[in-house]
Amino acid sequence: GATEWITRTAEHFFGIVDADRDALPLKLMNAPAHEVLDKIDWDSVDTVVMVESLEHILAEDFAPVYEAIRDNLRRNSGRFIVTNWIDYHPIDVGWYAATDVHCRLVDDALYNAWSKDAQTVVFRSGSHLVLDY
């Protein structure tokens with residue numbers, strides 16, 4: 001649904017039709033994070049948004065991705081936004097899904113660690129976290 005969402009958003013907020021989507025001031029990278037890290041022009045990134053995704057990525061696979069996000073956003077004074085269903089926190093391995101689907105723990109310990117990396121915790125409530133680096 002991400003492609004449909006970005007298309008509708010582009011039309012509604014920017015008056016940009018699907019054919020002109022490359023003119024948007026944002027880019028959808030709907031792929032495994034480790035596959036797109038080397039495709040990102042970090043100098044043009046001020047925000048990274050992760051929606052309903054962390055519980056699907058093994059902690060050891062996401063650790064280097066998070067470090068790249070953190071380090072590059074810190075260099076650019078950027079923002080990191082993590083969101084899930086507000087009441088889905090913590091999300092444990094296998095919670096409401098098979099262990100190969102919800103394969104990692106997303107809890108306050110994780111959010112506490114990331115919050116320590118940030119310059120400012122802009123918002124934190126349940127599964128929602130907004131950090132400025």
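Tutor: What follows is a close look at one helix, then at a cavity and a pocket.

The model is predicted, so local features need pLDDT of at least 70 and side-chain atom pairs count only at pLDDT 80 or more, whereas totals for chains, interfaces and linings use all residues. Residues are numbered from 1 along each chain as its sequence is written, and side-chain values use heavy atoms, with hydrogens and water left out.

The helix is α4, spanning residues 108-117, in which Leu110, Tyr111, Trp114 and Ser115 are buried. Viewed down the axis of α4, these buried residues fall within an arc of 135 degrees, so they line one face of the helix. The face turned away from the buried side of α4 carries the exposed residues Ala109 and Lys116. Here buried means under 20% relative accessible area and exposed over 50%, with partly exposed in between (1.4 Å probe, protein chains only); the arc is that of the directions from the helix axis to the C-beta atoms. Helices (H or I, at least four residues) and strands (E, at least two) are DSSP runs numbered from the N terminus.

The buried residues of α4 pack against the helix α3 (59-75) and against the strands β2 (79-83), β3 (120-125) and β4 (128-132), a contact being heavy atoms within 4.5 Å. At the start of α4, a side-chain oxygen of Asp107 comes to within 3.3 Å of the backbone nitrogen of Ala109.

The structure holds one cavity of 30 Å³ or more, and the largest cavity has a volume of about 60 Å³. Of the 14 residues that line the largest cavity, those closest to its centre are Glu55, Val82, Thr83, Asn84 and Tyr111, while the elements giving two or more residues to that lining are β1 and β2. By class, the lining of the largest cavity has eight nonpolar, four polar and two charged residues. (Ala, Val, Leu, Ile, Met, Phe, Trp, Tyr, Cys and Pro count as nonpolar, Asp, Glu, Lys and Arg as charged, and the others, Gly among them, as polar.)

Asn84 sits in the loop between β2 and α4 and is buried, with a relative accessible area of 10%. The side chains of Asn84 and Glu55 are joined by a polar contact of 2.9 Å, that is, a pair of N or O atoms within 3.5 Å, where within protein one must be able to donate a hydrogen and the other to accept it, and residues adjacent in sequence count only if both atoms are side-chain atoms. Leaving aside residues up to four places away in sequence, Asn84 touches Glu52, Glu55, Ile91, Ser127 and His128.

The largest pocket has a volume of about 1,200 Å³. Of its 29 lining residues, the closest to the centre are Lys27, Leu28, Met29, Val48 and Val49. The largest share of the lining of this pocket, five residues, comes from β1, and by class the lining has 21 nonpolar, four polar and four charged residues. On a 1 Å grid over the protein atoms alone, a cavity is a set of points where a 1.4 Å probe fits but cannot get out, a pocket is an open set with protein on both sides within 12 Å along at least five of seven lines, and lining residues have an atom within 4 Å of a point. Grid points are joined across faces, edges and corners, and a volume is the space filled by probe spheres set on the points.
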